[in-house]
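Visitor: I'm new to this one. Can you show it to me and walk me through some of it?

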Amino acid sequence: MIDLELSESELDAHRDHITDFISEQVSSAGTDSAVLGLSGGIDSTLTAYLTVEALGTENLHGLVMPGAVSRENNMSDAEWVAQELGISYDVFEINPIVDEFLNAYSEAEGDQMAVGNARARTRAVLNYLVANHQGSLVLGTGNRTEALVGYFTKYGDGAVDCHPIGNLYKQQVRQLARHVGVPDELAEKEATAGLWAGQTDEEELGIDYNTLDSVLALNVDGPLSAAATARQVDGVSEEDVSRIRSMFARSEHKRAVPPTPESL
């Protein structure tokens, strides 16, 4: 693996940079508060910790949105984070809402991907419903690793006003989380988007996060060829690198605004 860990001084710099970013984004939107979906995972947990540093507990409102396949410990961890930080939060069960979508369009019943994405988009609608009512900004929880390979739902968890930790690879997210005081059991918790039963990020991606980070840093963000990258990263073949590069290329539309024809 490639060592992407940050030094103590770099961790402090990222902490300050991200909290300044959150403050600036909220202020430039003409508000002083933010809404954040809490899943119990490390990305939303770190974002919550940093947002409280940036805005104060009184200016962050959490949404805990369990669905039919949400793991009980994830929802318990989500509420634990809100209570530990002392922020206000609401709990919304999304399954009845998703069921109404499926009642309206029953052909999608049993389509794992379509229904999973509907769950993510339902959470986005609730984020903005609350944020609009409160006059707040919606904060995202996406990291650099997932953004580069398109591992997020378009107009779902990707539908936010900004991504405070979007410049950090997954292993750096875990490292910064420990640095700011997130408990180890949350910092090292297995990642899951919770879109269907038994789903885990690494199983769906077909690669562990540390290896994926290394390939992205060398071949997508960095200048190395597929062959050179494979030589640098243990257990990775040129075909693996090409597959990840293809994921990056195929997901470009997720990272861009919807296209329009050029002006005549």
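Visitor: Before that, what kind of model is it, and how are residues numbered?

Guide: This is a predicted model, in which local features need pLDDT of at least 70 and side-chain atom pairs count only at pLDDT 80 or more, while totals for chains, interfaces and linings use all residues. Residues are numbered from 1 along each chain as its sequence is written, and side-chain values use heavy atoms, with hydrogens and water left out.

Visitor: OK. How many salt bridges does the structure hold?

Guide: Six. A salt bridge here is a side-chain nitrogen of Lys or Arg within 4 Å of a carboxyl oxygen of Asp or Glu. Side chains of opposite charge can pair when their charged atoms come close.

Visitor: Which residue does E53 form a salt bridge with?

Guide: R15, with the closest N and O atoms 2.6 Å apart. This pair links distant parts of the chain, since E53 is in helix α2 and R15 is in helix α1, 38 residues apart. Helices are DSSP runs of H or I with at least four residues, and strands are runs of E with at least two, numbered from the N terminus.

Visitor: Where do R255 and E252 lie?

Guide: Both lie in helix α13 (residues 252–255), three residues apart, which is about one turn of the helix.

Visitor: Switching to packing. At what angle do α1 and α2 pack?

Guide: Helix α1 (residues 8–28) and helix α2 (residues 42–55) pack at about 65°, with their axes 9 Å apart. That makes α1 roughly perpendicular to α2. Axes are lines fitted to C-alpha atoms, for helices over the stretch in contact, and angles run from 0 to 180 degrees between N-to-C directions. Angles under 35 degrees count as roughly parallel, over 145 as roughly antiparallel, 65 to 115 as roughly perpendicular and the rest as oblique.

Visitor: Which residues meet there?

Guide: R15, I18, T19, I22, S23 and V26 in α1 meet L50, T51, E53, A54 and L55 in α2. R15 and E53, the salt-bridge partners, are among them.

Visitor: What about α4 and α5, how do they cross?

Guide: The axes of helix α4 (residues 95–104) and helix α5 (residues 112–134) come within 10 Å and cross at roughly 125°. That makes α4 oblique to α5. On the α4 side the meeting residues are I97, V98, F101 and L102, and on the α5 side V115, A118, R119, T122 and L126.

Visitor: And α10 with α12?

Guide: The axes of α10 and helix α12 (residues 238–250) come within 10 Å and cross at roughly 75°. The two are therefore roughly perpendicular to each other. L212, V215, L216, N219 and V220 of α10 make the contact with V241, I244, R245 and F248 of α12.

Visitor: Last topic: D213. Is it buried or exposed?

Guide: D213 is buried yet has no salt bridge, and the nearest side chain of opposite charge, R174, is 7.7 Å away. For charge, Lys and Arg count as positive and Asp and Glu as negative, while His and the chain ends are not counted. D213 lies in helix α10 (residues 209–220).

Visitor: What is D213 in contact with?

Guide: Leaving aside neighbours within four places in sequence, D213 is in contact with L4, T145, Y169, K170 and Q171. Contact means heavy atoms within 4.5 Å. Q171 lies in helix α7 and is buried, at 15% relative accessible area.

Terms used:
Buried < 20%, exposed > 50% of the residue type's maximum accessible area, 1.4 Å probe, protein only.
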